[in-house]
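Below are my notes on the model you sent.

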Amino acid sequence: MRCPYCGSLATQVKDSRPTEDSAAIRRRRVCPDCGGRFTTFERVQLRELTVLKKTGRRVPFDRDKLVRSVQVALRKRPVEEERIERLVSGIVRRLESQGESEISSDTIGKLVMEGLRTLDDVAYVRFASVYRNFREAKDFEEFLDALSGHGGDMEDDSAV
């Protein structure tokens, strides 16, 4: 593993342990050249996933991008990092177990919305505003009315 500080390839593992959900191995590493310390995570990858964007472009699936988008929705919300990691790991497992190597960005968005809805209402609305491309305040009003008015399905494709 290359040192993120000096680029040396001679890093050493000082400590390894499973993460709390046992879905990954956390490794503490040290670089003998510069003394830098850093952490890496090793996860099982069942298959290479490709994301099919709405524009038709295909890009490799990036778990870190998924984590960042969930974290943005949850910014300044009282949700533990462990719950975020469980949500993301669950989404990735569902994507990998679908049997398809090509996944639409719409499918990923729906899974994130489903997960955020159970995790935090504010984060759910934040993500929905970007995912569904709200343009005006009335878009929020209609979404919130539907959210508070009934417990029905908020995945109406006409709003996408």
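1. Arg-29 stands opposite Phe-38 in strand 3. The model is a predicted one, in which local features need pLDDT of at least 70 and side-chain atom pairs count only at pLDDT 80 or more, while totals for chains, interfaces and linings use all residues. Residues are numbered from 1 along each chain as its sequence is written, and side-chain values use heavy atoms, with hydrogens and water left out.

2. Strand 2 (residues 24-30) and strand 3 (residues 37-43) run antiparallel and are joined by 7 bridges. Strands here are DSSP runs of E with at least two residues, helices are runs of H or I with at least four, and both are numbered from the N terminus. Two strands count as paired if DSSP finds at least two bridges between them. The two strands form a hairpin with 6 residues between them, and Gly-35 in the turn has a positive phi of about 85°.

3. The open sheet holds 3 strands in the order 1-2-3, with antiparallel pairing. Strand 1 (12-18) and strand 3 are its edges, each pairing on one side only. From one strand to the next the twist averages 25°; axes are lines fitted to C-alpha atoms, for helices over the stretch in contact, and angles run from 0 to 180 degrees between N-to-C directions.

4. Leaving aside residues up to four places away in sequence, Thr-40 touches Met-1, Ile-25, Arg-26, Arg-27 and Arg-29, where contact means heavy atoms within 4.5 Å.

5. The largest nonpolar core has 31 residues, and Leu-66, Val-70, Leu-74, Val-112 and Leu-116 have the most contacts inside it. Helix 1 (63-73), helix 2 (81-97), helix 3 (105-119), helix 4 and helix 5 (137-149) are the elements that give two or more residues to this core. A nonpolar core is a set of buried Ala, Val, Leu, Ile, Met, Phe, Trp, Tyr and Cys residues joined through side-chain atoms within 4.5 Å. Beyond four places in sequence, Leu-66 touches Phe-61, Val-88, Ile-91, Val-92, Ile-108 and Val-112.

6. Helix 4 (residues 121-131) has several buried residues, including Tyr-124, Phe-127 and Tyr-131. At its start, a side-chain oxygen of Asp-120 reaches to within 3.1 Å of the backbone nitrogen of Val-122.

7. Overall, the protein has 5 helices and 6 strands. Buried residues make up 33% of the 160 residues. The C-alpha trace spans about 60 × 35 × 25 Å along its principal axes.

Terms used
Buried means under 20% relative accessible area, exposed over 50%, partly exposed in between (1.4 Å probe, protein chains only). A polar contact is a pair of N or O atoms within 3.5 Å; within protein, one must be able to donate a hydrogen and the other to accept it, and residues adjacent in sequence count only if both atoms are side-chain atoms.
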